Amino acid sequence: QLQLVESGGDLAQPGGSLTLSCALSGFTLDAYTMGWFRQAPGKEREGVSCMGPTDDSGYYIDSVKGRFTIDRDDAKNTVYLRMTDLKPEDTGVYYCAAGTFLRAQLMCLQQFPYTSWGQGTQVTVSS
C-alpha cells in the first residue's frame, strides 16, 4: 500500500520560513507525480505546487511563486515544500499527494488525477 506522511507543519511568524516533508513508502518516488495542496479554514482545497518524476522544476499557484519551492529527493523517497516569506493567508492544512499520471504540467495542480493522499500537516502563520 502506498503511504504518504507529511511533517514539518508549525506556527510561524509572517515573513518566516518552514519546510514541509512528505515521506513516501510502498513504492519509489521516481514513479510518481507529486503535489502539495492546502486547505484554509472555510475554503476548498487548492493546489499549491507539484512536480512530475522527470521534471527539472515544479509548478506553482501564482500566489506562492517566488516564495515556495518544491524539491524531490528520490534517494530518500521524500518530497519537500520549502516555504519562505510566509504570509497569514498561507495558513491551512497542507496535504501531500501522489499520482502516476503523465503531463504533470497540465493537471498536477488539480486534485482529480491524484490517487494517494497524506493526512495533512497544519501550517499557521500569525503574529
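The paragraphs below describe the disulfides of this predicted model. Residues are numbered from 1 along each chain as its sequence is written, and side-chain values use heavy atoms, with hydrogens and water left out. Because the model is predicted, local features need pLDDT of at least 70 and side-chain atom pairs count only at pLDDT 80 or more, while totals for chains, interfaces and linings use all residues.

The structure contains two disulfides, a disulfide being a pair of cysteine sulfur atoms within 2.5 Å. With bonded cysteines counted along the chain, the pattern is 1-3, 2-4.

Helices (H or I, at least four residues) and strands (E, at least two) are DSSP runs, numbered from the N terminus. The link of Cys-22 and Cys-96 is left-handed, with -80° about the S-S bond. Both Cys-22 and Cys-96 are buried, that is, under 20% relative accessible area (1.4 Å probe, protein chains only).

The other disulfide joins Cys-50 to Cys-108, with an S to S distance of 1.9 Å. This pair links distant parts of the chain, 58 residues apart: Cys-50 is in strand 5 (residues 46-51), whereas Cys-108 is in the loop between helix 1 (104-107) and strand 10 (116-117). The link of Cys-50 and Cys-108 is right-handed, with 55° about the S-S bond. Cys-50 counts as buried because its relative accessibility is 0%, and Cys-108 counts as buried at 1% relative accessibility.

Technical notes. Buried means under 20% relative accessible area, exposed over 50%, partly exposed in between (1.4 Å probe, protein chains only).
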